[in-house]
Amino acid sequence: MAEIPEGHPRRDSLVTRHRIEAGVEQGITSKQGLVAQGRGEAFDYLLGEETIPSADEAARVAAAHLLLAEHAVLSVNGNVAALVPDEVVALAAATGADVEVNLFNRTEERVRAIAEHLREHGATDVKGLQADARIPGLDHERAKVDADGIYSADVVLVPLEDGDRAEALAAMGKTELVVDLNPLSRSAQTAAVPIVDNIVRAVPNVTAHAEALRDAPREELEGVVEAFDREAALAAAERRIRGGDLD
Ligand code: PTJ
């Protein structure tokens with residue numbers, strides 16, 4: 001890749017794009033992941049490529065859910081593995097959550113490559129290789145989960161999700177935390193907590209909130225969760241995108 005100058009106005013976006021490209025070359029990210037990233041970039045551009053206040057609030061609520069959970073799982077796909085491997089490991093450490101590989105375009109080779117990649121970035125126990133349980137009502141590869149992972153979790157973080165699984169997990173009664181730059185996507189619309197932000201900003205932000213809330217009493221965490229208005233968060237993101245104020 002050509003060297004991107006430090007002061008380039010679109011440096012962050014270009015570095016992110018390069019990471020996705022490298023993910024495809026390493027067999028971690030699917031080719032469709034390139035397309036998904038392009039779609040995400042367009043929304044991010046309209047958001048001003050920053051964490052808007054409603055997304056920051058949602059990240060704090062997601063942190064509270066992860067800390068309150070009996071068994072939380074962070075679901076990792078090919079885009080997430082390429083973009084934020086260190087950050088996912090740090091979030092798991094800060095909240096005690098498990099990490100599980102779950103793919104839309106699933107091949108055993110890719111699951112193994114992603115698990116290995118996460119281990120290289122410090123993950124100790126990566127789930128998703130057993131695939132000994134199924135999410136009811138889903139007929140594609142994303143239904144394959146670990147019985148002691150996503151299947152039995154009460155809280156699941158599902159970044160860059162497709163709408164079908166988001167709905168199926170919600171139907172299983174799980175609390176779903178979604179990171180998606182498109183506030184109108186079915187997954188964002190279905191989530192208990194939609195974080196409309198770029199994954200590269202959202203995951204470290206949830207970790208920072210989890211660290212700040214770590215010693216908070218249970219009642220305070222429950223208060224954070226109860227005060228959240230998901231409809232208002234989605235509406236704020238949509239307003240920002242449609243408002244188009246790119247100063
Ligand atoms: O690795 P796999 O096989 O599981 O496949 C992963 C992809 C992402 C290819 C698959 O889940 C897919 O096709 O997803 P969709 O239906 O394209 O949805 C992806 C959503 O993520 C879209 O709403 C995008 O706007 C959003 N998105 C893309 N890049 C980012 C993002 N959201 C946050 N941060 C990003 N960097």
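**Salt bridges, burial and backbone**

Modeller: A search of the whole structure finds 16 salt bridges, a salt bridge being a side-chain nitrogen of Lys or Arg within 4 Å of a carboxyl oxygen of Asp or Glu. The model is predicted, so local features need pLDDT of at least 70 and side-chain atom pairs count only at pLDDT 80 or more, while totals for chains, interfaces and linings use all residues. Residues are numbered from 1 along each chain as its sequence is written, and side-chain values use heavy atoms, with hydrogens and water left out.

Colleague: What makes R17 and E41 a salt bridge?

Modeller: The N to O distance between their side chains is 2.6 Å, and the criterion asks for within 4 Å, so the pair qualifies. R17 belongs to helix α1 (residues 11–25) and E41 to helix α2 (residues 31–47), so that the pair, 24 residues apart, links distant parts of the chain. Helices here are DSSP runs of H or I with at least four residues, strands are runs of E with at least two, and both are numbered from the N terminus.

Colleague: Why is R17 called partly exposed, and why is E41 called buried?

Modeller: Buried means under 20% relative accessible area, exposed means over 50%, and partly exposed lies in between, with a 1.4 Å probe and protein chains only. R17 has 43% relative accessibility and therefore counts as partly exposed. E41 has 17% and is therefore buried.

Colleague: R165 lies in helix α7. Which residues of α7 are buried, and against what do they pack?

Modeller: Helix α7 covers residues 163–171, and its buried residues are G163, R165, A166, A168 and L169. They pack against β1 (72–76), β6 (155–159), β7 (175–179) and α8 (186–190), where contact means heavy atoms within 4.5 Å. As background, an α-helix has 3.6 residues a turn, so residues three or four places apart point the same way. Just after α7, G173 takes a positive phi of about 85 degrees.

Colleague: Which residues other than glycine have a positive phi?

Modeller: Among them are A131, with phi near 50 degrees, and L160, with phi near 45 degrees. A131 sits in the loop between β3 (126–127) and β4 (133–134); its 14% relative accessibility makes it buried. L160 is in the loop between β6 and α7, and with a relative accessible area of 25% it is partly exposed.

Colleague: What makes D44, D197 and R201 a network?

Modeller: These residues are linked by salt bridges. One of the links is R201 to D197, at 2.8 Å from N to O. D197 itself is in the loop between β8 and α9, and at 2% relative accessibility it counts as buried. Leaving aside neighbours within four places in sequence, D197 is in contact with E50, T51, A55, V179, D180, L181 and A202.

Colleague: Why is N198 called buried?

Modeller: N198 has 9% relative accessibility and therefore counts as buried. This residue is in the loop between β8 (193–195) and α9 (199–213). Beyond neighbours within four places in sequence, N198 is in contact with D44, V179 and L181.

Colleague: Why is R239 called exposed?

Modeller: Its relative accessible area is 58%, so R239 is exposed. R239 lies in helix α11 (residues 230–243), and its C-alpha atom is separated by 28 Å from that of A168, 71 residues apart along the chain.

Colleague: How do you know that the chain as a whole agrees with a compact globule?

Modeller: With 247 residues, such a globule would have a radius of gyration near 18 Å, and the chain has 17 Å, which agrees. The radius is taken over C-alpha atoms, and the rule is 2.2 Å times the number of residues to the power 0.38. Buried residues make up 52% of the 247 residues, and the secondary structure comes to eleven helices and eight strands.
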